[in-house]
Amino acid sequence: MKMAVIYHSVTGNTKNMGEHIAAGMQSVEGVEARCFSIDDVDIDYVRDCKCVVLGSPIYAAHITGQMMNFMLNTAGKLNLAGKLAGAYTTAQYVHGGGELGIREMLDHLMVMGALIYSGGASLGKPVIHLGPVGIDNTLDIDQFIPNFEIYGKRMAQKAVELFS
Ligand SMILES: Cc1cc2nc3c(=O)[nH]c(=O)nc-3n(C[C@H](O)[C@H](O)[C@H](O)COP(=O)(O)O)c2cc1C
């Protein structure tokens with residue numbers, strides 16, 4: 001089953017965390033997961049995916065303009081309706097807007113007809129409420145890697161459960 005992580009990243013944090021989500025997805029038997037920058041998406045591959053996760057850095061407590069433009073201009077070509085979908089962010093501060101950015105992407109994915117999921121509290125600790133957030137500079141972002149891998153695994157397990 002194909003799955004994709006699509007990110008915007010300038011200094012590498014969001015790309016790096018997206019790759020850990022894909023690694024978590026790939027830990028589920030039968031899953032092929034690939035990562036794409038918003039500038040280089042394999043649209044045919046993503047159309048075939050059952051699970052898609054979007055990732056953005058936080059700029060001024062929002063997702064980046066580039067991710068918003070991607071969602072408005074390109075996401076419509078990805079046949080997101082009916083796919084399992086989620087979102088993650090990276091930010092500098094715990095209070096910097098990470099979850100606000102996740103909500104912006106989840107809202108857009110819902111408008112596209114995607115099925116929003118994170119697992120939330122239903123899967124125990126770590127409770128990943130809306131999606132994972134990685135904090136750089138004020139914290140060591142690598143300490144968040146396990147959350148991203150677990151999140152990817154949970155998303156993939158649910159997609160396999162729903163679509164196999
Ligand atoms: C223009 C700009 C605005 C930013 N605004 C915020 C912010 O509001 N809150 C925050 O926590 N971090 C903010 N950051 C930090 C980035 O979100 C953070 O470094 C992120 O991990 C960068 O992702 P990337 O390495 O994938 O580009 C900002 C960074 C830039 C360049």
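## Ring contacts, ligand shell and backbone geometry

Arg34 lies over the face of Tyr45, 4.6 Å from the ring centre, where a charge sits over a ring if NZ of Lys or CZ of Arg is within 6 Å of the ring centre and within 35 degrees of the ring normal. Lys50 is likewise placed over the face of Phe163, at 5.6 Å from the ring centre. The model is predicted, so that local features need pLDDT of at least 70 and side-chain atom pairs count only at pLDDT 80 or more, while totals for chains, interfaces and linings use all residues. Residues are numbered from 1 along each chain as its sequence is written, and side-chain values use heavy atoms, with hydrogens and water left out.

A search of the whole structure finds two aromatic pairs, a pair being rings of Phe, Tyr and Trp (its six-membered ring) whose centres lie within 6.5 Å, with planes under 30 degrees apart counted as stacked, over 60 as edge-to-face and the rest as tilted. One of them joins Tyr88 and Phe148 in an edge-to-face arrangement, 5.6 Å centre to centre with 90° between the planes. Because Tyr88 lies in strand β5 (residues 84-91) and Phe148 in helix α5 (residues 145-163), this pair ties together parts that are 60 residues apart in sequence; helices (H or I, at least four residues) and strands (E, at least two) are DSSP runs, numbered from the N terminus. Tyr88 is buried at a relative accessible area of 0%, and Phe148 is buried at 0% as well, where buried means under 20% relative accessible area, exposed over 50% and partly exposed in between (1.4 Å probe, protein chains only).

The ligand is surrounded by 16 residues, the closest being Ser9, Thr11, Thr14, Ile58 and Thr90, each residue having a heavy atom within 4 Å of the molecule. Polar contacts, defined as pairs of N or O atoms within 3.5 Å, include the following.

| Protein atom | Ligand atom | Distance |
|---|---|---|
| Ser9, polar side-chain atom | oxygen | 2.6 Å |
| Asn13, polar backbone atom | oxygen | 2.8 Å |
| Tyr93, polar backbone atom | oxygen | 2.9 Å |

Strand β3 gives the most to the shell around the ligand, with three residues.

In the backbone, a cis peptide bond with omega of about -5° joins Lys125 and Pro126, and Pro126 lies in the loop between β6 (115-116) and β7 (133-135). Ala60 has a positive phi near 50° and is exposed at 73% relative accessibility, whereas Ala61, with a positive phi of about 65°, is partly exposed at 28%.

Methods
Polar contact = N/O pair within 3.5 Å; in protein donor to acceptor, adjacent residues only side chain to side chain.
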